[in-house]
Amino acid sequence: MANKSTKKGSKVFVCATAQNSDLIESAYAALTWVQVGKVGNIGDFGATSTQPTYDTLDEAVTQKQKGTANAGDPQIEVASVATDAGQVILRTFGDPLNQDNMAIKIERNDGGADFTNTIFYSRGVVSGPVYPGGGSDDFDLERFTIGLNQLPIRVNPTEIP
């Protein structure tokens with residue numbers, strides 16, 4: 001398996017069909033995916049949990065439990081291309097009147113010649129685009145926030161026969 005230390009070559013895919021309930025890996029794999037072009041940054045995602053605490057009279061240390069998990073709110077930043085099919089899907093789901101969840105697939109470029117790449121699947125509501133400012137030499141960018149409503153499903157690399 002390739003040992004890569006950068007995100008270069010990673011890809012983002014979206015599905016044009018709303019996915020408003022949790023899916024399993026095989027259901028995600030069966031969806032029709034459209035690659036998002038000109039992605040410059042994939043934001044943070046993954047489970048973080050609240051930590052409810054309680055102090056009791058018989059314990060010297062605050063007691064903690066793991067609470068509700070948050071799947072993340074990654075921001076996908078792209079160099080704006082009006083006709084890019086993946087960006088069009090992001091804009092469609094980003095419309096404030098669209099309350100549907102969009103499925104997203106993130107594929108790392110870490111498999112090499114002998115292994116598949118690591119894949120993450122999830123779904124969430126989209127807000128944006130936000131249009132970052134800049135100067136005359138800056139690219140026209142769009143930034144979409146995906147409010148994930150399902151913990152990401154990680155598919156680890158497997159050897160290619």
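Reader: Why is I119 called buried?

Author: Its relative accessible area is 15%, and buried means under 20%, so I119 gets that label. This is a predicted model, by the way, and I119 lies in strand β10.

Reader: What separates the C-alpha atoms of I119 and N156?

Author: A distance of 6.8 Å, although I119 and N156 are 37 residues apart along the chain.

Reader: What makes Y28 and Y121 a stacked pair?

Author: Two values do it. The ring centres are 5.1 Å apart, and the pairing cut-off is within 6.5 Å, so the rings count as a pair. Their planes meet at 5 degrees, and anything under 30 degrees counts as stacked, so this pair is stacked. As for placement, Y28 sits in helix α1 (residues 25-29) and Y121 in strand β10 (residues 119-130), so the pair links parts 93 residues apart in sequence.

Reader: Are Y28 and Y121 buried or exposed?

Author: Y28 is buried, and Y121 is too. For Y121 the relative accessibility is 6%, and the limit for buried is under 20%, so the label holds.

Reader: And how do you know that W33 and Y121 are stacked?

Author: By the two tests again. The centres of the W33 and Y121 rings are 5.9 Å apart, which passes the within 6.5 Å test. The planes are at 25 degrees, and stacked requires under 30, so W33 and Y121 are stacked. W33 lies in the loop between α1 and β2 (34-35), while Y121 belongs to strand β10, so this pair ties together parts 88 residues apart in sequence.

Reader: Why is W33 called buried?

Author: Its relative accessible area comes to 16%, and the label needs under 20%, so W33 is buried.

Reader: What makes K105 a charge sitting over the ring of F13?

Author: The charged end of K105 is 4.5 Å from the centre of the F13 ring, and the distance test asks for within 6 Å. There is an angle test as well, within 35 degrees of the ring normal. K105 is listed as sitting over the ring.

Reader: On to charges that pair. How many salt bridges does the structure hold?

Author: Three. One of them joins R123 and D22.

Reader: What makes R123 and D22 a salt bridge?

Author: Their closest N and O atoms are 2.8 Å apart, and the cut-off is within 4 Å, so the pair qualifies. R123 is in strand β10 and D22 in the loop between β1 (11-14) and α1, so the bridge connects parts 101 residues apart in sequence.

Reader: Why is R123 called buried, and why is D22 called exposed?

Author: R123 has a relative accessible area of 7%, and D22 has 52%. Buried is under 20% and exposed is over 50%, so R123 counts as buried and D22 as exposed.

Reader: How do you know that R143 and E77 form a salt bridge?

Author: The closest N and O atoms lie 3.1 Å apart, against a limit of within 4 Å. R143 lies in strand β11 (residues 141-148) and E77 in strand β8 (residues 75-79), so the pair ties parts that are 66 residues apart in sequence. R143 is at 24% relative accessibility and counts as partly exposed, because that value falls between the 20% and 50% limits.

Reader: What about E142 and R91?

Author: Their side chains meet in a salt bridge at 3.0 Å, N to O. E142 is in strand β11 and R91 in helix α2 (residues 85-94), so the bridge joins parts 51 residues apart in sequence. E142 is buried, at 2%, whereas R91 is partly exposed, at 21%.

Reader: What makes K38 stand out?

Author: K38 has a positive phi of about 60 degrees although it is not a glycine. Most residues other than glycine have a negative phi. K38 is found in the loop between β2 and β3, and its relative accessible area of 59% makes it exposed, as the cut-off is over 50%. K38 is also one of the residues that line the largest pocket.

How values were computed:
Residues are numbered from 1 along each chain as its sequence is written. This is a predicted model: local features need pLDDT of at least 70, side-chain atom pairs count only at pLDDT 80 or more; totals for chains, interfaces and linings use all residues. Side-chain values use heavy atoms; hydrogens and water are left out. Rings of Phe, Tyr and Trp (its six-membered ring) pair if their centres lie within 6.5 Å; planes under 30 degrees apart count as stacked, over 60 as edge-to-face and the rest as tilted. Helices (H or I, at least four residues) and strands (E, at least two) are DSSP runs, numbered from the N terminus. Buried means under 20% relative accessible area, exposed over 50%, partly exposed in between (1.4 Å probe, protein chains only). On a 1 Å grid over the protein atoms alone, a cavity is a set of points where a 1.4 Å probe fits but cannot get out, and a pocket is an open set with protein on both sides within 12 Å along at least five of seven lines; lining residues have an atom within 4 Å of a point.
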